[in-house]
Amino acid sequence: MEKALSGVRVLDMTHVQAGPSCTQLMAWLGADVIKLEPPTGDITRTQLRDVPGVDSLYFTMLNSNKRSITVNMKNADGKEVFTRLVKSCDVLLENFGPGVLNRLGFPWEKLHEINPRLIYASIKGFGDSGPYANFKAYEVIAQAMGGSMSTTGWWDGPPTVTGSQIGDSGTGVHALAAILAALYQRTHTGKGQYVVAAMQDAILNLCRVKIRDHQRLSHGALKEYPTDTRGLDYVPRSGNATGGGQPGTAIKCKPGGPNDYLYVVVQPQVWPDLCKLIGREDLVTDAAFATPEARVTHLQDVWNVLEFYSKDYTKWEMMDKLNEIDVPCGPVLSTKEIVENEHLTLKGMIQDVPHPTRGSYKTVGCPLVLSDSPVEIKPSPLLGEHTDEILQELGFSKEEAGKFHENGAV
Ligand SMILES: CC(C)(COP(=O)(O)OP(=O)(O)OC[C@H]1O[C@@H](n2cnc3c(N)ncnc32)[C@H](O)[C@@H]1OP(=O)(O)O)[C@@H](O)C(=O)NCCC(=O)NCCS
């Protein structure tokens, strides 16, 4: 069956997470993704290994549906193999440290000359210009410098990293959007272009609402924040507050374990039914609780009233009760609850993938759902599994391929 990206060929020179997360999405959408690895392989094949001697989950969960070729880019024949690959591909994505491909002899101008239709995409910590352009970066560095850490956690505690890999996989999704736009533009212009996605920019984009609040500060306190913001010239950490226009928090439920919480958002229209459910109809008319404007001035009292009720029910019971009266809410799910979750499993967001050397493992499915381009998750490739197949496709003879193996080019 034709897929959304059938016919698109991607030269995937990515490693660790930010790049591979992007090319994995492209492979799931039907692109032929050729992962070009140094002869030692992507470092994540061996990082955080749980089973000795086989590719780690770090690698398998970010590189499915791809083919693998090993090429030594510091070898003259390796450069020749790379050049043919560039000629045959629509997209090249890399997330090396700054200047790596230039040092290997392939700046954007050269790549454009080799294949004028090529879309050359780079993921970098801080983009390709400005004072930080030459700095390497990892997820947490981008979270620190993109506004996430200073606004995450409790106001009286240290800045906190979020568990979501917004700097890595979040940037991967931003890069995907840019690459797809460049592919679309190429249908009109016939030309490739240079695309850059910076991890700091991606995080800042996701922290947009915090910059909104920063500017609101000059016009008065942020009433929906759980701490006093009067006189501050920066946005403080706001614990579990929603960050949006409707107040919410995580309330404790039975039996009180580390993840026995339900996140509740109290929209104005649900307040009367919510009060009725918890047996506090008096609060529907009580001037201190009756309106959103009144409640926002003492939200902790609202949460205390809800918790007094929720402590006798599990988060699942609370979810059912609140959904019955149309209150937006969600139980805080542990990783165990997520991998065993019926809803996620039914939709394929958690699924088992067979692997030739490590056996079956669980992976997170594709969050992009297209009715005419269903995703079938296949295992990640073994290191160099498709080297000879790809060399043949590129028109190299058996003798040439043999020579490349002998001299360490592949
Ligand atoms: C992640 C990061 C910090 C890792 O740094 P690193 O381990 O020093 O790796 P680099 O990407 O800087 O360098 C890779 C080296 O391998 C070499 N290499 C890569 N592929 C090769 C190949 N196929 N053949 C031969 N050499 C190869 C490069 O030439 C480079 O060597 P050099 O330093 O002599 O030029 C860095 O790649 C980075 O900042 N990337 C951009 C942001 C990013 O994606 N961060 C990670 C998010 S998960």
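Take Leu48: it has 9 other C-beta atoms within 10 Å, so Leu48 is exposed. Compare Asn65, which is buried because it has 24 other C-beta atoms within 10 Å. Keep in mind that this is a predicted model.

Leu48 isn't a glycine, yet its phi is positive, about 55 degrees. Asn65 isn't a glycine either, and its phi is positive too, about 60 degrees. Where do you find them? Leu48 sits in the loop between S2 and helix H2 (57-60), and Asn65 is in the loop between H2 and strand S3 (67-70).

Now let's zoom out. The protein chain has 18 helices and 11 strands. Its C-alpha atoms fill a box of roughly 85 × 45 × 40 Å along the principal axes. Of the 410 residues, 35% are buried. And if you look at contacts between residues at least 6 apart in sequence, 66% of them join residues at least 24 apart.

The domain assignment gives two pieces: domain 1 is 9-205 + 341-406, and domain 2 is 240-252 + 261-331. Their C-alpha centres are 43 Å apart.

How many of its residues are buried? It's 11 of the 11, so H1 is largely enclosed by the rest of the structure. That takes in Trp28 as well as Gln24 and Thr23, among others. And what's covering them? The cover includes strands S1 (9-13), S2 (32-37), S4 (91-94) and S5 (119-124), plus H7 and helix H8 (199-206). Just past the end of H1, Gly30 has a positive phi of about 110 degrees.

H1 packs on helix H7 (residues 169-189) at an angle of about 50 degrees, and the axes are 7 Å apart. That angle is why we call H1 oblique to H7. The crossing is right-handed. On the H1 side the contact uses Ala18, Gly19, Ser21, Cys22, Leu25 and Met26, and H7 brings in Ser169, Thr171, Gly172, Ala175 and Leu176. Sort the residues of that contact by class and you get 6 nonpolar, 5 polar and no charged.

H7 also packs against H8, at about 95 degrees with the axes 9 Å apart. So H7 is roughly perpendicular to H8. Gly170, Thr171 and His174 of H7 meet Met199, Ala202, Ile203 and Leu206 of H8. The class count for H7 with H8 is 4 nonpolar, 3 polar and no charged.

Two last stops. Between Lys254 and Pro255 there's a cis peptide bond, with omega at about 0 degrees. Pro255 is in the loop between strand S7 (248-252) and strand S8 (261-265).

Then there's Leu306, in helix H13 (residues 299-310). Is Leu306 buried or exposed? Buried, because it has 23 C-beta neighbours inside 10 Å. Leaving out residues up to four places away in sequence, Leu306 touches Ile251, Val264 and Ile278. Cys275 is 31 residues away along the chain, with its C-alpha atom 8.8 Å from that of Leu306.

Note on methods: Residues numbered from 1 in each chain as written. Predicted model: local features only at pLDDT ≥ 70, side-chain atom pairs only at ≥ 80, totals over all residues. Helix = DSSP H or I, 4+ residues; strand = E, 2+ residues; numbered from the N terminus. Buried ≥ 20, exposed ≤ 12 C-beta atoms within 10 Å, placed from the backbone. Contact = placed C-beta atoms within 7 Å. Domains from an automatic or database assignment. Axes fitted to C-alpha atoms, helices over the stretch in contact; angles between N-to-C directions. Parallel < 35°, antiparallel > 145°, perpendicular 65-115°, else oblique. Left-handed = near helix turned anticlockwise from the far one by under 90°. Nonpolar A, V, L, I, M, F, W, Y, C, P; charged D, E, K, R; others polar.
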